[in-house]
Amino acid sequence: MRAAVLHAAKDLRIEDVPERALGADEVRVRFGAGGICGSDLSYYFKGRVGDFDVRQPLILGHEVSGTVEALGTSVSGLAIGARVAVNPSRACLTCDYCRAGRGNLCRNMRFFGSAAIFPHVQGGFSETLIARADQCVPVPDHVSMRVAACAEPLAVAVHACRRAGELAGRSVLIAGAGPIGILLALVARRMGAAFIAITDLVEAPLAVARAAGVDETICVATAPEQLERYEADKGYFDIALEATGSPQALASLFKVVRPGGRVVQVGMMPPGVIPVPANILMAREIDFVGAFRFHGEFQTAVDYLSRGLIDVTPILSADMPMGEADAAFVLAADRNRAIKVHLTF
Ligand code: ZN
């Protein structure tokens, strides 16, 4: 089968790789569409994500949908021909965190397309991929493969919004109008947020956020005072969600969150120690929590998409063949032109 294999930074090759044998509890999925994520971009442009270096050829991709074409001998509940969203989290199902219902914190996680462990776990940008049956969630025919592939980033947003606590009636600030930031806005709205503002350094993605129904967009590069006015009277927002991975953005959030509010770290920061205004956190009794990937929220995300409760079409920017993967990665990294780019074979 052909796959998009990263050998080193900016050395992405479409090449034939051997297909491994199907396990009894696994299915083989024919690739439908695959979204390019910020971590794929980081692997592609830098050869690493956070603290994880690419140390062997790595098939990228973890936002994948497709069609089931072969079933392992013990698989039930999935049929050949089923259209599925593939959950890239392959948790062990047996460790203490898995048993406690927090599989995203699994001690033995094998996440598709990740260099976090060695040997690396290969990803989903390949003509076929093999996943455990429980990783494959059927989607109805009216959900396109591209939309189904958005289940993964949408699940990240659903999990982060759950970590934010009650959202109904609350004022919410989102830092970063990338795919995750905009999906956070869509989920916060679905969960009843009364007022949603979003910040970015670039105007183009803010226009997409407006089209997605965000109440206020703030370009902190050209109009920082628009955010600073919320610092008055000990802050304004009940909830702030950090989805930029920028230390400066994180620090700015504590000033505009009201006493008793909460800051959720969703974005991945650069390696090392990131400063936090701890005295504001202390004096306002702000809760600062992390949100990492998702667990049961993958099913919730598929439900939202299947039932039309969340419309992700505002973030769908382009659809490009795997043979043009280099161009697709360049487009996906251009924040003036794209939010979410999908690959197809
Ligand atoms: Zn586990």
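Student: Which residues lie nearest the centre of the second largest pocket, and how many line it?
Tutor: In this predicted model, the second largest pocket has a lining of 19 residues, and R20, I59, Q122, G123 and I130 lie nearest its centre. Its volume is about 430 Å³.

Student: What makes a residue count as part of the lining?
Tutor: A lining residue has an atom within 4 Å of a point of the pocket. Strand β11, residues 128–132, gives the most to this lining, with three residues.

Student: How do the lining residues of this pocket divide into nonpolar, polar and charged?
Tutor: Ten are nonpolar, five polar and four charged. Glycine counts as polar under the scheme used, and G123 is one of the residues nearest the centre.

Student: How many disulfides does a search of the whole structure find?
Tutor: The search finds zero.

Student: Why is C37 called buried?
Tutor: Buried means under 20% relative accessible area. C37 has 18%, so it is buried. C106 has 9%, so it is buried too.

Student: What makes H62 buried, and where is its place?
Tutor: The relative accessible area of H62 is 6%, against a cut-off of under 20%, so H62 is buried. Its place is in the loop between β6 (58–59) and β7 (63–71).

Student: Which residues does H62 touch, leaving out those up to four places away in sequence?
Tutor: H62 touches C37, S39, D40, P88, F111, F112 and E152. A touch here means heavy atoms within 4.5 Å. In sequence, H62 and F111 are 49 residues apart, while their C-alpha atoms are 7.9 Å apart in space.

Student: Why is helix α10 called largely enclosed by the rest of the structure?
Tutor: The helix covers residues 297–306, and seven of its ten residues are buried, so the description applies. The buried ones are E297, F298, A301, V302, Y304, L305 and S306.

Student: Which elements do the buried residues of α10 pack against?
Tutor: They pack against strands β8 (83–86) and β12 (136–138), and against helices α3 (145–149), α4 (151–163) and α5 (179–190).

Student: Where else is phi positive?
Tutor: R293, also a residue other than glycine, has a phi near 50°; R293 lies in the loop between β18 (287–290) and α10. Just after α10, G308 has a positive phi of about 70°.

Student: Which residues does a cis peptide bond join?
Tutor: The cis bond joins F118 and P119, with omega at about -5°. Most peptide bonds are trans. P119 is placed in the loop between β10 (110–111) and β11.

Student: What are the bounds of domain 1 and domain 2?
Tutor: The domain assignment gives 2–150 + 312–344 for domain 1 and 157–290 for domain 2. The contact between them takes twelve residues from domain 1 and 16 residues from domain 2. The C-alpha centres of the two domains lie 28 Å apart.

Note on methods
Residues are numbered from 1 along each chain as its sequence is written. This is a predicted model: local features need pLDDT of at least 70, side-chain atom pairs count only at pLDDT 80 or more; totals for chains, interfaces and linings use all residues. Side-chain values use heavy atoms; hydrogens and water are left out. On a 1 Å grid over the protein atoms alone, a cavity is a set of points where a 1.4 Å probe fits but cannot get out, and a pocket is an open set with protein on both sides within 12 Å along at least five of seven lines; lining residues have an atom within 4 Å of a point. Grid points are joined across faces, edges and corners, and a volume is the space filled by probe spheres set on the points. Helices (H or I, at least four residues) and strands (E, at least two) are DSSP runs, numbered from the N terminus. A disulfide is a pair of cysteine sulfur atoms within 2.5 Å. Buried means under 20% relative accessible area, exposed over 50%, partly exposed in between (1.4 Å probe, protein chains only). Domain bounds come from an automatic or database domain assignment.
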